[in-house]
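Here are some notes for a colleague who is opening this structure for the first time. Please read them with the sequence and the model side by side.

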Amino acid sequence: MQHFPIFLNLAGRRVVLSGGGETAVAKLRLLLKTEARLTVFATEPCDQVRAWADAGRITLVGRAFGPGDALCAALAYAANDDAGQDARVARLARADGALVNIVDNLGDSQFITPAIVDRDPVTVAIGTEGAAPVLARAIKRDLEERLPATLGPLARIGKAFRGAVEALPFGKPRRDFWQEYYFATGPRTIEAGEDAVPPALGALLARHLDTPEARGVVDFVGAGPGDPDLLTLKARKALDKADVVIHDRLVTPEILELARREAVLVDAGKEGFGRAMAQDEINRLIVAHAREGAHVVRLKSGDPTVFGRLDEEIEAVEAAGLDWAIVPGITAASAAVAGIGQSLTKRARNSSVRVMTGHDMKGFADHDWRALARAGEVAAIYMGKRSARFVQGRLLMHGADPLTPVSVVENASRPEQRVLATTLAQLEPTLTQAGLDGPAIILFGLAPRRAAALARSLDTPDVTSEEIAL
């Protein structure tokens with residue numbers, strides 16, 4: 001982000017503009033929506049500029065912009081439709097200490113004026129840093145259609161009522177009140193006119209004051225494999241409501257950005273064979289925050305029901321007498337198999353699939369390795385990088401074909417996704433040589449679609465991982 005978006009208070013402050021033609025008029029139409037004191041310098045102002053001056057809406061100075069004309073000005077615009085003149089104005093205004101915008105010259109401007117959707121006092125600013133003005137206009141048009149004209153009056157009435165709402169406890173009770181006002185009571189009442197809104201607002205506050213404070217709740221939410229676009233709508237809504245987000249290490253920053261800005265983010269990440277927050281401590285944190293009345297989101301990578309120790313956390317929440325819900329997510333196996341263009345099950349190949357974790361190698365002794373070693377079987381092995389050699393040895397020992405295809409997908413669904421195509425016989429050393437450092441899932445019995453097609457075209461029994469690597 002090169003341009004940081006802010007809303008500058010221009011009430012009573014000087015803003016100067018050099019230019020009197022169509023370009024100047026376009027900027028002035030926007031600036032006249034503010035409470036700034038506008039001064040325009042133009043030797044040949046057009047009729048519209050003169051009309052605004054005659055109406056007292058701007059101060060018109062009938063000469064060229066000169067030294068000292070931007071003193072004490074918050075902003076200065078160069079809108080002369082002449083590159084040389086604009087450069088001169090910009091140089092003088094900077095010397096006077098004003099921030100300068102040269103219309104249609106992003107590179108030499110100190111700030112940009114975004115496209116604006118005006119529902120005063122609700123203002124939506126849209127900027128593309130000059131990369132896509134057409135896109136900004138399209139977004140503006142879409143928002144203009146979506147945001148009702150009554151939004152401005154509702155916001156003005158609500159602003160005047162904020163002091164009274166402080167009688168509600170800070171946090172969720174106040175958010176619940178404003179949520180009901182803006183999305184239910186307010187829009188319904190204003191249909192009868194603005195005068196009907198304040199009494200309805202008072203009645204709404206009285207009802208909320210009489211309502212016992214809600215108990216905390218816990219949502220166990222699946223963050224999916226990492227791509228924010230794969231987050232479910234229900235997960236997005238949970239993040240939008242959360243007071244506290246207790247997240248795993250593998251939840252991507254892009255997804256954490258979707259949480260409310262005021263939400264408390266707690267990193268409860270575990271790292272295979274590395275640092276870890278004890279599960280008992282995670283349980284304690286979930287319960288402690290929920291007991292304080294918070295809406296807690298326990299955000300887990302993938303799907304919370306798959307290798308997420310969900311049952312232990314639910315038991316802790318139930319023992320504390322708290323309400324909870326599960327919001328499923330797209331699990332890593334689904335993202336990984338999509339990344340190689342295959343499916344986990346296929347008619348006449350396999351009617352079942354095994355989902356295994358390589359983190360707890362002690363549990364491997366309980367697996368039916370002989371059954372998995374049969375031709376056509378498929379398994380998705382989570383956290384399997386360190387246990388790959390063990391898996392390889394067990395399967396070969398129980399008669400698995402050494403040429404059984406194996407795909408390793410690192411960072412499934414993310415921009416940095418990486419796919420290794422190999423065979424069971426070459427699983428190690430392929431993994432070691434690849435030096436994977438991100439989360440990876442091993443898909444036993446599946447080759448990437450392109451690699452599988454290549455292997456068939458070669459029609460050779462000794463296709464190596466290097467020959468079919470993507």
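Helices here are DSSP runs of H or I with at least four residues, strands are DSSP runs of E with at least two, and both are numbered from the N terminus. The model is a predicted one, in which local features need pLDDT of at least 70 and side-chain atom pairs count only at pLDDT 80 or more, while totals for chains, interfaces and linings use all residues. Residues are numbered from 1 along each chain as its sequence is written, and side-chain values use heavy atoms, with hydrogens and water left out.

1. Thr23 belongs to helix α1, which covers residues 22-31. Thr23 has a relative accessible area of 18% and therefore counts as buried, a word used for values under 20%, with exposed meaning over 50% and partly exposed the range in between (1.4 Å probe, protein chains only). Leaving aside residues up to four places away in sequence, Thr23 touches Ala79, Asp81 and Val103, where contact means heavy atoms within 4.5 Å.

2. Helix α3 has 13 residues, 83-95, and reaches 18 Å from its first C-alpha to its last, close to the 18 Å expected at 1.5 Å a residue; the expected span is 1.5 Å times one less than the number of residues. At its start, a side-chain oxygen of Asp82 comes to within 3.0 Å of the backbone nitrogen of Gly84, and just after the helix Gly97 takes a positive phi of about 95°.

3. Which residues of α3 are buried? They are Asp86, Val89, Ala90, Leu92 and Ala93, and these pack against the strands β1 (14-18), β4 (73-78) and β5 (99-102). As background, an α-helix has 3.6 residues a turn, so residues three or four places apart point the same way.

4. Helices α15 (residues 388-397) and α16 (residues 427-434) pack at an angle of about 170°, their axes 9 Å apart, the axes being lines fitted to C-alpha atoms over the stretch in contact and the angles running from 0 to 180 degrees between N-to-C directions. The pair is therefore roughly antiparallel, a label for angles over 145 degrees. In this contact Ala388, Arg389 and Gln392 of α15 meet Leu427, Glu428 and Leu431 of α16.

5. Val409 sits in strand β15 (residues 405-410) and is buried, with a relative accessible area of 1%. Val409 and Ile340 are 69 residues apart in sequence, yet 8.2 Å apart in space, C-alpha to C-alpha. Not counting residues up to four places away in sequence, Val409 touches several residues, including Ile340, Val419 and Leu443.

Conventions: A polar contact is a pair of N or O atoms within 3.5 Å; within protein, one must be able to donate a hydrogen and the other to accept it, and residues adjacent in sequence count only if both atoms are side-chain atoms. Angles under 35 degrees count as roughly parallel, over 145 as roughly antiparallel, 65 to 115 as roughly perpendicular and the rest as oblique.
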